[in-house]
Amino acid sequence: MKLNTNQLKQFREDGYVLVRGFCSEAETERMYRVAVHDDAMQKNAMDLNDQSGKKTRLSLWFNPGNDVFGYLTRSEKMVNCVGQLLDSDAPVCHFHSKLMQKEPKVGGAWEWHQDYGYWYKNQFMYPDQLLSVMVALTPANKENGCLQVIKGSHKIGRVNHGFAGEQVGADMVMVDNALKTMDLVYCEIDPGDALFFHPNLLHRSAANLSDAPRWSIISCFNSQSNIAYNETSTAWKNPIEMVPDDAILNWDAAPLSQADFLKKENDPALKQTGWEEDVEVKNKT
């Protein structure tokens, strides 16, 4: 699998591209079963409060292993597509992956932000050499708090970020300006669909007030040429060892207990640096 010319153009222009059916129904079902039933995923989940106090749970790990999610991030189709979008000829590396768990009625919002608003604190030099890929494990729609993006906002460059609850949110003055200038898009996607998006794309998601869960896996990638000067993990500079696409479904998978999960207190993005206090971050309905 590779992205076609139109998909590459859309990513450059809009800051994101949606690939329908990136994972088959069987692949998606296998990943979802592991996400729900593997104790390690739940034991290593972090709760992050939004501004209203609602919690969003995530589990984050660095090195892609021989578990089913490692097979996804190391698959030929994933590495090929990511390599087409990163602004570098250097090998593709896996920075981290995270399982996003928005439970019915209680799953909190994610405030407006850019991924590079977090990763700037890791001191990555080149945002164009970073990329996120979200694969839906359950349906994502307006009712259960699907991802919202501001189309083309990656062209703004990095926006200042401050703290919004326990999360890091973008300066709402710039977000409001972007919303006056660019289109707001609700990314309603089905299980197995993959959304590739630029780290400077402004995005958010509302709280899940529906009766259905919204779970997704988000893998973040980096070019080996893009040095991170404030990151203790080493995954970001290790070229991915690719596996065939059928590994996701057909290979034996190791337990997630072998993954190197991030502890909340060790995340540099959640630490105060001083300049966050000057950023206006407020509730956005």
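Biologist: How many salt bridges does the rule give here?

Modeller: Side chains of opposite charge can pair when their charged atoms come close. In this predicted model, a pair counts when a side-chain nitrogen of Lys or Arg is within 4 Å of a carboxyl oxygen of Asp or Glu. By that rule there are four salt bridges.

Biologist: With which residue does Glu 13 form a salt bridge?

Modeller: The partner of Glu 13 is Lys 155, and their closest N and O atoms are 3.3 Å apart. This pair links distant parts of the chain, since Glu 13 belongs to helix H1 and Lys 155 to the loop between strand E7 (147-150) and strand E8 (161-164), 142 residues apart. Glu 13 counts as partly exposed because its relative accessibility is 44%. Lys 155, with a relative accessible area of 53%, is exposed.

Biologist: Which parts of the chain do Asp 190 and Arg 20 tie together?

Modeller: The side chains of these two, Asp 190 and Arg 20, meet in a salt bridge of 3.9 Å, N to O. Asp 190 is in the loop between strand E10 (184-187) and E11, and Arg 20 is in the loop between E1 and helix H2 (25-37), so the pair ties together parts 170 residues apart in sequence. Asp 190 is partly exposed because its relative accessibility is 45%.

Biologist: Now helix H1. Which of its residues are buried?

Modeller: One way to read a helix is to ask where its buried residues point. H1 covers residues 5-14, and its buried residues are Gln 7, Leu 8, Phe 11 and Asp 14. These four lie on the same side of H1 because they cover an arc of only 155° around the axis. The other side of H1 has Thr 5, Asn 6, Lys 9 and Arg 12, which are exposed.

Biologist: What covers the buried residues of H1?

Modeller: The cover includes strand E1 (16-19), helix H5 (76-85), E6 and strand E11 (194-197).

Biologist: What is found at the start of H1, and which residue follows the helix?

Modeller: At the start, a side-chain oxygen of Asn 4 comes within 3.1 Å of the backbone nitrogen of Asn 6. After H1 comes Gly 15, with a positive phi near 90°.

Biologist: Which residue has a positive phi although it is not a glycine?

Modeller: Most residues other than glycine have a negative phi. Gln 123 has a positive phi, about 65°. Gln 123 sits in the loop between H6 and E6. Its relative accessibility is 37%, so Gln 123 counts as partly exposed.

Biologist: Which residues form the nonpolar patch on the surface?

Modeller: The patch is made of Met 125, Tyr 126, Ile 227 and Tyr 229, with about 430 Å² of accessible area together. Tyr 126 lies in the loop between helix H6 (115-119) and strand E6 (130-136). Tyr 126 is partly exposed because its relative accessible area is 46%.

Biologist: Take a residue in strand E6, Leu 130. Why does Leu 130 count as buried?

Modeller: Buried means under 20% relative accessible area. Leu 130 has 1% relative accessibility, so it counts as buried. Beyond its neighbours within four places in sequence, Leu 130 is in contact with Leu 86, Tyr 116, Trp 119, Phe 124, Pro 199, Phe 221, Asn 222 and Asn 226. Its C-alpha is also 8.8 Å from that of Phe 95, which is 35 residues away in sequence.

Biologist: And the chain as a whole: how many helices and strands are there?

Modeller: There are eight helices and 13 strands. Of the 285 residues, 56% count as buried. The chain exposes about 12,100 Å², and carbon and sulfur atoms supply 47% of that area. Among contacts between residues at least 6 apart in sequence, 87% join residues at least 24 apart.

Notes:
Residues are numbered from 1 along each chain as its sequence is written. This is a predicted model: local features need pLDDT of at least 70, side-chain atom pairs count only at pLDDT 80 or more; totals for chains, interfaces and linings use all residues. Side-chain values use heavy atoms; hydrogens and water are left out. Patches are made of residues with over 30% relative accessible area and no salt bridge: like charges are joined within 9 Å, nonpolar side chains (Val, Leu, Ile, Met, Phe, Trp, Tyr) within 5 Å. Accessible areas come from the Shrake-Rupley method with a 1.4 Å probe; for residues, only the protein chains shown count as cover. Helices (H or I, at least four residues) and strands (E, at least two) are DSSP runs, numbered from the N terminus. Buried means under 20% relative accessible area, exposed over 50%, partly exposed in between (1.4 Å probe, protein chains only). Contact means heavy atoms within 4.5 Å. The arc is that of the directions from the helix axis to the C-beta atoms. A polar contact is a pair of N or O atoms within 3.5 Å; within protein, one must be able to donate a hydrogen and the other to accept it, and residues adjacent in sequence count only if both atoms are side-chain atoms.
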